Amino acid sequence: MSFVRGLKCRECGHEYPARLQAGCEDCYGPLEVDYDYDAIKGVLSRRLIESRSKTIWKYRELLPLDREPVIGLGTGGTPLLRADRLGRALGLDNLYVKNDAVNVPTLSFKDRVTGVAINKALEFGLEAVGCASTGNLANSVGANAAAAGLPSFILVPENLEPAKITATQIYGSLLIKVRGNYDDVNRLCTQIADRHPWGLVNVNLRPYYAEGSKTFGYEIAEQLGWKAPDAVVVPMAGGALISKIHKGFKELERLGLLNGEADTRFFGAQAAGCNPIVDAVKRGSRDIRPVKPSTIAKSLAIGNPADGYFAAGLIAQTGGWGEDVTDEEIVSGIRLLAETEGIFTETAGGVTVAVTRKLAAQGRLRRDALTVLAITGNGLKTQDALQLEPAPVIEPKLAAFEAVIERAAAGAVA
Ligand SMILES: *Cc1c(COP(=O)(O)O)cnc(C)c1O
Ligand SMILES: [Zn+2]
C-alpha cells in the first residue's frame, strides 16, 4: 500500500498525479513526491521500523513505491561509526562517520536512489532505464537494471575514472562516453528522455530517485537513538543528497518519531575545482553561477547543479556553511580517514573530510557538537587520484626485512 498523494511542484505548489514527469508544466520548477503524512502517522512507529531488517525498505511507508520492491533488497543499513581518532585529528569531540562506502550492491550511496528509481521503472512498465552519471550512478543503475532484467543506457563524461567504467560495463549496460562534461551529458539525456519511452533515473524519474536519499538521513537518526545530529557535513554534486537528508529529518520530526527537534545545521562540501553551491553560500545567495568543472572529485563534478538553489537555501536557513578544498587537500582527506579510522573512501569522501577539517579550524563546527560526516563512496573506485609511495621489494631473507623495518622506523622518527 502506498501513501503517495502525488507529485507537487517545489516552486509553485501545483499538484500532479504520480506519473513519469520531473518538471512543473506551469513554472518548470522541480516536482517532489508528496505523501499523506497523517495516514503514515497512523501506522508507522519506531517499534515497527526497528522490527524490520536493516535495509532502506524498513522506511517503505516514506518511499514512493506502490508495490513490494523486487531489486535493491540488500541496500542500506550501512554503519554509523563513532570516529574518535579522526575527531582528535580534527579537534572535534563528538564525531561520527556514516559509511556508505560499503553500501550494496555497488559501494556508494547511489544504491539508495537507484533502488527506488528502478523499482519505480518496473511499476511504470518501462522498457529500459538509463542515466546521466558522474560515475557512481552509472555503476548502480547498471547493477540494479541487470537484476531487474532491464536493458540500460548509461551516458558519462569522457574523462571518467577507469574503475567506474569497468564497474558499469560488466553488468551488460551500454555505456557511452560523451565528449563534454556532466552538464553536456545531462542535456543530452533530457533530449533522450523526450524521445524514447525509457526511465532516465535522474531525469524523468528524478522525483522518485531523489526520495531514496532520505534513507541516509532516516538511518542516521535511528542509529543515534532517534535523534537528529547537531551538524552534518555532506558532499554536494547536484545538491539532492543534502536536501533529502534534511527532508528525512523533518519528516521524522513531523511523524513524532524523533527525540528532540530536527534542528541540525547543514554543512555542504565541494571541490574548489567545482564549487557552484559553496560559492552561492559564500555570496549569501541561492542563485547558482554555473562553472566548468576541473577536479579529481569527478563524482561531484556538476557545474550546473539541479538542486543547487535549494541546497544553498537550506545551508543558510539551518545556520550551516559551505566550504571547498583543493585536489591536494582532497587526497590528504582520503588518507586521514584511512589512517585514523580504517575507512577507504573515494575522492568525494576526501572532500568531506578535508572540508570538515577546514570548518573545524574556522570554528564553524563546534568542538562538542554531535557531527556526522557523510562518506558516500568507496576508495577502490578512484585509485588513480592517489600517488602512494611504491612498496619496498626485498629478497625472501629475514635480514632484508629487518633492514626495511629499520629504515621505516628511522623515517617515522625523522
Ligand atoms: C552523486 C554523489 C554525491 C552527491 O550527490 P548529489 O545528490 O548529486 O548532491 C556525493 N558523493 C558521491 C560519492 C556521489 O556519487
Ligand atoms: Zn510549478
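**A first look**

Is threonine 134 buried or exposed? Threonine 134 is buried, because its relative accessible area is 9% (buried means under 20% relative accessible area, exposed over 50%, and partly exposed in between, with a 1.4 Å probe and protein chains only). You'll find threonine 134 in the loop between strand 6 (129–132) and helix 5 (136–148). Helices (H or I, at least four residues) and strands (E, at least two) are DSSP runs, numbered from the N terminus. The side chain of threonine 134 reaches the backbone oxygen of serine 299 at 2.9 Å, and that is a polar contact (a pair of N or O atoms within 3.5 Å; within protein, one must be able to donate a hydrogen and the other to accept it, and residues adjacent in sequence count only if both atoms are side-chain atoms).

Keep in mind that this is a predicted model, where local features need pLDDT of at least 70, side-chain atom pairs count only at pLDDT 80 or more, and totals for chains, interfaces and linings use all residues. Residues are numbered from 1 along each chain as its sequence is written, chains are lettered from A and ligands numbered from 1 in the order in which they are written, and side-chain values use heavy atoms, with hydrogens and water left out.

**The zinc site**

Now for the metal. The zinc ion (ligand 2) has Cys9 (SG), Cys12 (SG), Cys24 (SG) and Cys27 (SG) as its protein donors, lying 2.3 Å from it. Donors are N, O and S atoms within 2.8 Å of the metal (3.2 Å for Na, K and Ca), and since water is not among the atoms, sites may look incomplete. Along the sequence, the donor residues follow the spacing C-x2-C-x11-C-x2-C. Cysteine 9 sits in strand 1 (residues 4–9) and cysteine 24 in the loop between strand 2 (15–16) and strand 3 (31–35), so this pair, 15 residues apart, links distant parts of the chain.

The ideal angle for four tetrahedral donors is 109.5 degrees. As for cover, cysteine 9 counts as buried because its relative accessibility is 5%, while cysteine 27, at 32%, counts as partly exposed.

**Around ligand 1**

Ligand 1 is surrounded by 15 residues, and the closest are Lys110, Gly238, Gly239, Leu241 and Thr376 (a residue is near a molecule if one of its heavy atoms lies within 4 Å of it). A polar side-chain atom of lysine 110 is 2.8 Å from an oxygen atom of ligand 1. Glycine 239 uses its backbone instead: an N or O atom there lies 2.8 Å from an oxygen atom of ligand 1. With threonine 376, a side-chain N or O atom is 2.6 Å from a nitrogen atom of the ligand. On its own, ligand 1 has 390 Å² of accessible area, and the protein covers 97% of that.

**A loop worth a look**

Head to the loop between strand 5 (95–99) and helix 4 (110–123), where asparagine 103 lies. Asparagine 103 is buried, with a relative accessible area of 1%. Asparagine 103 and threonine 376 are 273 residues apart in sequence, but 8.6 Å apart in space, C-alpha to C-alpha.

Proline 105 is in this loop too, and a cis peptide bond joins valine 104 to it, with omega about 10 degrees. Leucine 107, also in the loop, has a positive phi of about 65 degrees although it is not a glycine.

Key. Accessible areas come from the Shrake-Rupley method with a 1.4 Å probe; for residues, only the protein chains shown count as cover.
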